[in-house]
Amino acid sequence: MRDRAAFWPPAPAPGAALRGDGLIVRVLPAVPQLMVSGDLDAFCAAQTLSAPVGLLGQVDDTRYALRLARNRMLAVGLTADHAAAGWRDGIAITPMTGALAVLHIGGANAMELFVRATAIDPRAPGPSAALLFAGQIAALCRDPQGLRLHIDRGLTAFVLDWIAATGLAAYSE
Amino acid sequence: MTARRLPEGGEVDRSRPLSFTFDGRPVQGFHGDTLASALLASGERVLGRSFKYRRPRGIWGAGTEEPNVYADATDGPRFHPNLRVTLEPARDGLDLRSANSSPSARADRLGFLDLFARFLPSAFYYKTFFWPNWHVYEPAIRRMAGLGRIKPSSAPLPDGDQRNHHCDTVVVGAGPVGIAAALGLSRSGESVVLVDDGSRIGGSLLFRSARIDGMPGANWLAAAEADLRQLGVTVLTRTTAFGIYDHGLIALNQRRDDGPDRLWRVRPRRIVLAAGAVERPLPFAANDLPGVMSAEAALGYLRRQAVLPGLRIVVATNNSSTDEVAAAMTAAGAEVTVVDARQGRRVARALGRRMVTGVVLEDGTRIPCDCVLVSGGFTATVHLHAQAKGRLRWDDARLSFVPEAPVAGLVTVGAAAGHFALAEALAALPETLGLPDVPVADSAPYDITPLWPRPGQPGRVWIDLQHDVTAKDVELAARENMVSVEHLKRYTTLGMATDQGKTSNLAGMALMGALTGRSIPEVGTTTYRPPFAPVPYTSLAGPRGGSRMNPVRRLACEARHREIGASLGDYGGWLRPAHYGSDDSAILAEAKLARAAVGLFDASPLGKIEVIGPDAAAFLDFIHYNTVSTLKPGQCRYGFILAESGVVYDDGVLVRLDDHRFVVSCSSAHVAGVHGLLEEWRQDRFPAARIAIHDATAETATLTVSGPKARATLAAAGIDADLSDTAFPHMTTRWHGSGEAALRLTRVSFTGDRSYEVSVRQDLAPPLWDRLAAAARAEGGGPIGIEALMILRAEKGFIVIGKDTDGMTRPMDLGVSGPMKAKKVDFLGRRSLFTDEAQRADRNQLVGLLPADGFGPLPVGAHGIDLSGTTPRSIGYITSSHPGAALDHPVALGLIERGAERHGQEITLHHLGQRRRATLCPPCFLDPKGERLHA
């Protein structure tokens, strides 16, 4: 069998970071997240959560929601036991803390990375926070320090490698 | 051609000399030179060889239209094939090699081919190389063909750079009209990107005299540059707009001095095409000799790089644009003779063998010279307009195709719209772009008389310089009825070279028109397609080269797998351990270990799509071949999902977590497909408010413990759940623990042995792996890779969809007919199962196969053959084959015609010219009663 271990560079360790001129990309420690479908307003009201934001929407807290579709959002900063998740009063809930890594993209050149990674017009980003980032499905919003990218944890290594390949930032110890 | 550098003038910085080599010979130049201008100034004459006849060639143009001279460049450790010398700045230390010659352009060893030119007309290879077959000749011809050579030993080029951009308007072409448009639009409040493929903006103002708004063109340009900066216009020089795509996307390739090429994907609201026009050659015999060059280009070299192309110059023309050329060459010290078709004087042929030494006019006059500057008129650069599906019309006064009308989101202005005189071009801007205030220029009107190649013209008159298409080739095409412009292109290769016929297409059409009694517009144009000019692959790939082209997902425990020497492979979009250790013999050893004791397998990619809601059970009853709604919470059931055709799309275990929550555990590689299928049918038939589908595959890592010591391993790993068969029977699931580290334990088996799937939040998996691995080793087992799992499942006759099934396999072919007959509710694919095709008695059915000839494992892909007829007939094939782990013989699975009723029969297999014998048997080779599940 052909061993492809050498072809694929080892996945970076948890907590890996990239630094460049005006750009810092960090993988945050596991961020509590729930996938929520159904009556989003009712869920937000029950959880005292602000209304979900769209792409590049501004969030000012560690508790926020990203709208993914008309009736689907990612609730961030909330947890639910795997066993207790499921259908609750017209709302479907699935934990996503393990599924989605959160990359924080900070620095003055954060938007420079954005225009490399996606074809979306930052002046008209749309009501869904979902996007293709470096060709992969993800969700993105702004926080006071930069951008927060929620992406399939299994693709974190690729996204970091892709960012490094743009030359905007390099791995740092 | 005795070109030389003038002692003063031009943009070059004489205080900054540079040098590089061309075909091994040193070339001197200055900063501000292009490679082409430095080569011209150094006196190099033969700079390239033609594609087919290997004729000596010199520089023709000064931009993207250059058909003759390409060079491979070695720049330190890096190698750049097919550099366009007219667009690249000269650089110190570069090692240039002419692209289509060996060992050099000056002394090409295949130069003799031109002696046989009469035997090598268009399409000669179609007529010549057919005995015994084309492939005998193909390698040698392919070696001779093409431009440039890849040098595998050179350092890889850096990854290309890509960025997206949004703006109101992209202006393509930064000549005076493009600049005026950019200024006007920017002043009206639009965000503007101005693009030009030259090293500076200015276009013709950089080398032609003009007066704009009452000031010299150079002064107007300087003021305009300052205004552009002040207005914040994004100016991209050395950037070629090479394609227009759907939804107004325009692609730009920017050549950068400080890094790799950058691909700009710009989505403007409007594109203003001010791309100018390309000068055409004139048709006379031997018009391809070095020293015959574009008059416009020569004026550029003179004014910009102070290179005088010759001392005795003939200016051959049919239009007014050369008036300034002749005057400028004379002022620079050349002896100039003008041969103007508007005055009835035409060149009949050029003289010389390796460079032009004179011309003979049609009246017999001989004029000695060392350079012929020609202008056959201008062809508007309408490529992007045509790519955007814009229509063209023929302009008889200007002798060019021009845009008939704007297309949505694209406006053409300036010379690209056929306005070849600057004053006329600027004057059209207010109407075209709605700009109230545009500059005013003084310029002479453009005047031209037709001068196209004529049928029967004596000598070898080149139409397409790069692909060596002559007037006689076009005549041959007409004789052979290749009269459609598309046939003409393909038969002669006219316009198919890297220059895409920028200088040649119109002349070819004109000649074909004359030969067939049609006008040029009646002949028509070929289809314009991107790219307008060659684009490096590195630019198109951007950062997605190498391992980033098709990324795999990474397991949470990848570092653990690497630490213990996993051999990793790409499986269904995930990087997974094939086996541990570099030796393939580990595969069987791991399988035996799992059969004897316990194997620990990372099954994290297994699909885990949650279907949630009050209608989830009814929905899954429709989706699944098997009945689902009868499952109790905590139970699991194996089943199929069919496509509408009734073909098995996927299989897997369905888990019911509670009344309203199911987990569809589909194949690892089919997660995206199954997710899409579920969403599609949910949206088609079920209310969104009562069903939600969440792909939670990535949420949990799943570690499978399988083997007789599986239960003991879990206990030893500290999982203190009641694992007794009564409390935790086969095909059930349960939660263990609470909080973020809660485990979901599921008793299902893909090996036939007692097995437990342990699922935990993905980021918490590595410590769990450590505990389970240590416990497994303590029980005499250890980690196993996916290849060992393949052996274990094959021994049990468990299938892998897409491997043991194909695009024809229905569930009945796999021995599962019950739901088709008994299921009460409708389900996906049901109707297709009752078609004649699905009910055929001679369908291929899943069987086991055992070698009956005493040899080793049967080859995968071997076809069973029926030898009863006159020729062998396939009766199916082997889909999986492995050595035995718990068995002392190899096993194989296959899809064989009427297989289910032929157990015990021997069949003949055919594979790669060899025959084998095999006995058909039930697909389950091991423990058919399932006792090992409870061992």
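**Exercise 1. Two helices in chain B**

At what angle do helix H4 (residues 176-187) and helix H5 (residues 217-231) of chain B pack, and how far apart are their axes?

Solution. 
- Start with the model. It is predicted: local features need pLDDT of at least 70, side-chain atom pairs count only at pLDDT 80 or more, and totals for chains, interfaces and linings use all residues. Residues are numbered from 1 along each chain as its sequence is written, while chains are lettered from A and ligands numbered from 1 in the order in which they are written.
- Helices (H or I, at least four residues) and strands (E, at least two) are DSSP runs, numbered from the N terminus. Axes are lines fitted to C-alpha atoms, for helices over the stretch in contact, and angles run from 0 to 180 degrees between N-to-C directions.
- Read off the values. H4(B) and H5(B) pack at about 35°, and their axes are 10 Å apart.
- The crossing of H4(B) and H5(B) is left-handed (the near helix is turned anticlockwise from the far one by less than a right angle; clockwise would be right-handed).
- List the residues. H4(B) brings Ile179(B), Ala182(B), Leu183(B), Ser186(B) and Arg187(B), and H5(B) brings Ala224(B), Asp227(B), Leu228(B) and Leu231(B). Contact here is a matter of C-beta atoms, placed from the backbone, that lie within 7 Å.
- Sort them. The contact of H4(B) with H5(B) has six nonpolar, one polar and two charged residues. Ala, Val, Leu, Ile, Met, Phe, Trp, Tyr, Cys and Pro count as nonpolar, Asp, Glu, Lys and Arg as charged, and the others, Gly among them, as polar.

**Exercise 2. Where the chains meet**

How many residues of chain A are in contact with chain B, and which element of chain A gives the largest share?

Solution. 
- Count both sides. 44 residues of chain A are in contact with 52 residues of chain B.
- Find the elements. Strand E3 (33-38), strand E7 (86-88), strand E8 (91-95), helix H2 (110-117) and H3 of chain A each supply at least two residues of the side that touches chain B.
- Pick the largest share. H3(A) supplies six residues.
- Classify. This side of chain A has 22 nonpolar, 13 polar and nine charged residues.

**Exercise 3. The largest core**

Which residues of the largest nonpolar core touch the most other members?

Solution. 
- Define the core. A nonpolar core is a set of buried Ala, Val, Leu, Ile, Met, Phe, Trp, Tyr and Cys residues joined through C-beta atoms within 7 Å. Buried means 20 or more other C-beta atoms within 10 Å, exposed means 12 or fewer, and partly exposed lies in between; C-beta atoms are placed from the backbone.
- Name the residues. The core has 167 residues, and Leu74(A), Leu140(A), Ile163(A), Val611(B), Val705(B) and Leu772(B) touch the most other members.
- Find its main source. Helix H3 (residues 156-166) of chain A gives the largest share, eight residues.
- Look at one member. Beyond four places in sequence, Leu772(B) contacts Leu600(B), Leu703(B), Val705(B), Thr713(B) and Ala717(B).
- Separate the other core. Apart from the largest one lies a core of 92 residues, including Trp452(B) and Trp462(B).

Technical notes
Contact = placed C-beta atoms within 7 Å.
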